Amino acid sequence: MSTGSSHVVFLDSHCEVNAGWLEPLLTASLQTPSALISPVLDVIVPQTLQYRRTTELLRAGFGWGLRFRWLPAAAGINSTVQPYR
């Protein structure tokens, strides 16, 4: 199926996005075409369902007990744009 677009966006079924979330990703993609773009992920506290805006770079992970947790970004990731090589 062709949509006529040069971009593909994948979201998990449980993701919710804020207004204006796509424009910065497209801008970064156009500025650095070889980049793999991922947004900063905000957190919803599971116990209270409270929304918490995140200012640090995080990645999702699971411990050995298969419990979900937020982890710091991988070593060496210190920018919002890292070219894919």
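F68 has a relative accessible area of 44%, and therefore counts as partly exposed (buried is under 20% relative accessible area, exposed over 50%, and partly exposed in between, with a 1.4 Å probe and protein chains only). The model is a predicted one, in which local features need pLDDT of at least 70 and side-chain atom pairs count only at pLDDT 80 or more, while totals for chains, interfaces and linings use all residues. Residues are numbered from 1 along each chain as its sequence is written, and side-chain values use heavy atoms, with hydrogens and water left out.

F68 has an aromatic partner. One aromatic pair is found in a search of the whole structure. This pair joins F62 to F68 in an edge-to-face arrangement, with 5.6 Å from centre to centre and 75° between the planes (rings of Phe, Tyr and Trp, the last by its six-membered ring, pair if their centres lie within 6.5 Å; planes under 30 degrees apart are stacked, over 60 edge-to-face, and the rest tilted). F62 counts as exposed because its relative accessibility is 55%, whereas F68 is partly exposed.

The chain as a whole can now be laid out. Strands β1 and β2 cover 43–44 and 51–52, and strands β3 and β4 cover 58–62 and 68–72.

Confidence has a mean pLDDT of 76 over the chain, and 79% of the residues reach 70 or more (pLDDT is the predictor's confidence in each residue, from 0 to 100). In the chain, confidence is highest in α1, at 85, and lowest in β3, at a mean of 76.

The chain has 85 residues, and 12% of them are buried. Its accessible surface is about 7,700 Å², and carbon and sulfur atoms account for 57% of that surface (areas are from the Shrake-Rupley method with a 1.4 Å probe; for residues, only the protein chains shown count as cover). Of the contacts between residues at least 6 apart in sequence, 22% join residues at least 24 apart (a contact is heavy atoms within 4.5 Å).

Which residues make the nonpolar surface patch of about 250 Å²? The patch is made by V9, L11 and V17 (its members have over 30% relative accessible area and no salt bridge; like charges are joined within 9 Å, and nonpolar side chains, namely Val, Leu, Ile, Met, Phe, Trp and Tyr, within 5 Å; a salt bridge is a side-chain nitrogen of Lys or Arg within 4 Å of a carboxyl oxygen of Asp or Glu). The C-alpha atom of C15 is separated by 9.9 Å from that of L41, 26 residues apart along the chain.

Helix α1 contains S29, which is buried because its relative accessible area is 15%. Apart from its neighbours within four places in sequence, S29 contacts H7 and I37. Between V40 and W21, 19 residues apart along the chain, the C-alpha separation is 9.8 Å.

If residues up to four places away in sequence are not counted, V43 touches Q50, Y51, R52, T54, L58 and W70. The C-alpha atoms of V43 and W70, 27 residues apart along the chain, are separated by 8.7 Å.

Two leucines remain to be described. Most residues other than glycine have a negative phi. L49, however, has a positive phi of about 60°, and phi of L66 is near 60°. L49 lies in the loop between β1 and β2, and L66 in the loop between β3 and β4. L49 counts as exposed because its relative accessible area is 66%. L66 is exposed as well, with 68%.

Terms used
Helix = DSSP H or I, 4+ residues; strand = E, 2+ residues; numbered from the N terminus.
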